[in-house]
Amino acid sequence: MSDVLISARGLEVHFPLQGKGAVRAVDGVDLDIHRGETLGLVGESGCGKSTLGNALLRLVEPTAGTVTFDGADMTALDRRSLRSLRRRAGMVFQDPFASLDPRRTVAQTVAEPLEVHRLRSGRREIAARVGELLELVGLDPAVAGRYPHEFSGGQRQRVGIARALAGEPDFLVCDEAIASLDVSVQAQVLNLLRRLQRQLGLTLLFISHDLSAIRHISDRIAVMYLGRIVEIGPATAVGADPQMPYTQALLSAVPVPHPELERTRQRIVLRGDVPSPSAVPSGCRFRTRCPHAFEPCPEVDPALQEVGAPGQLAACHLHGVIGTPIPAFGTES
């Protein structure tokens, strides 16, 4: 059995524009997610993170490329086969209120995957399993008869996680799952996901723009910019010694839990705005904001290459030229 649970090769998701052209939301992604790991996917808003997560589950149809789930090519499956395979993948959404039907009780919401996939039969069996799932996510089974508006945001997200787990998945996509929660509640949900990952042997794709949360929960980190993975590697390596200028900039925005260091450190301020995904720059797509851009950057699109720690890859021409870690950015106050 392969160590890789889900794999993408040459994955593209382009949305046509009226007239001509397209929004290149995902623009040629190669990605492997290993069994039992948590892969953190980070990047600015609009970089294609959520679209990539949806494409891996075929919730949006890829324009090109393939997605393989446990050896099966998901892009080639018919509707019946896809439905059977999709039971093994769950989704936790950003807004726990919008993702829950306000007219359905918690019990009805969590029971739906059990009924759709025929994992339990009879009211008693289904009710017992709903109670188990609620306990698993830290909720009292006695709340099963309540409606979403009767819960706090953190409790609603726990209900969403229970629903995602009802299909007994191997793979869970958490799409900005803590973004709408208070900071103290975010930590609780992160710890819950870490516990569930270990307890159930889940494979997680944790999508967020918050690099601090990504570092807390992930085994590996993938950094996305304008539809591409521009750096990927072990969380400790990417967090301590980023090899891509864009990753350096993201890390500089993460607060340091030391008042004196936080006061004295300087943030990396990127020049210019993020280009439109409908007009991606030629060559290196980060070159319009990178202070290290030089001759090959406008002409040649850099491929991911192994640099830094073992298993750490970055897409940057500087590594081929200087053969050493990228020099520190110039900073602006």
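Helix 2 (79-86), strand 6 (89-92), helix 3 (106-116) and helix 5 (153-166) each contribute at least two residues to the lining of the largest pocket. The model examined here is a predicted one. In this model, the largest pocket has a volume of about 480 Å³. Its lining comprises 17 residues, and those closest to the centre are Arg86, Ala89, Gly90, Pro113 and His117. Sorted by class, the lining of the largest pocket consists of 9 nonpolar, 5 charged and 3 polar residues.

In total, 21 residues line the second largest pocket, and Gly28, Val29, Asp30, Ile229 and Leu304 lie nearest its centre. By class, this lining holds 12 nonpolar, 7 charged and 2 polar residues.

Strand 2 leads on to the hairpin. Strand 1 (residues 4-16) and strand 2 (residues 22-34) run antiparallel and are joined by 10 bridges. Within this pairing, Val13 stands opposite Val26 of strand 2. The two strands form a hairpin with 5 residues between them, and Gly19 in the turn has a positive phi of about 95 degrees.

Turning to the annotation, an unreviewed UniProt entry assigns "domain: ABC transporter" to residues 8-251. That span is 38% helix and 26% strand, and its end C-alpha atoms lie 26 Å apart.

Conventions
Residues numbered from 1 in each chain as written. Predicted model: local features only at pLDDT ≥ 70, side-chain atom pairs only at ≥ 80, totals over all residues. Heavy atoms only, no water. Pairing = 2+ DSSP bridges. Helix = DSSP H or I, 4+ residues; strand = E, 2+ residues; numbered from the N terminus. UniProt positions renumbered as here; feature names shortened; annotations may be inferred. 1 Å grid on protein atoms, 1.4 Å probe; cavity = no way out; pocket = protein on both sides within 12 Å on 5 of 7 lines; lining within 4 Å. Points joined across faces, edges and corners; volume = space filled by probe spheres on them. Nonpolar A, V, L, I, M, F, W, Y, C, P; charged D, E, K, R; others polar.
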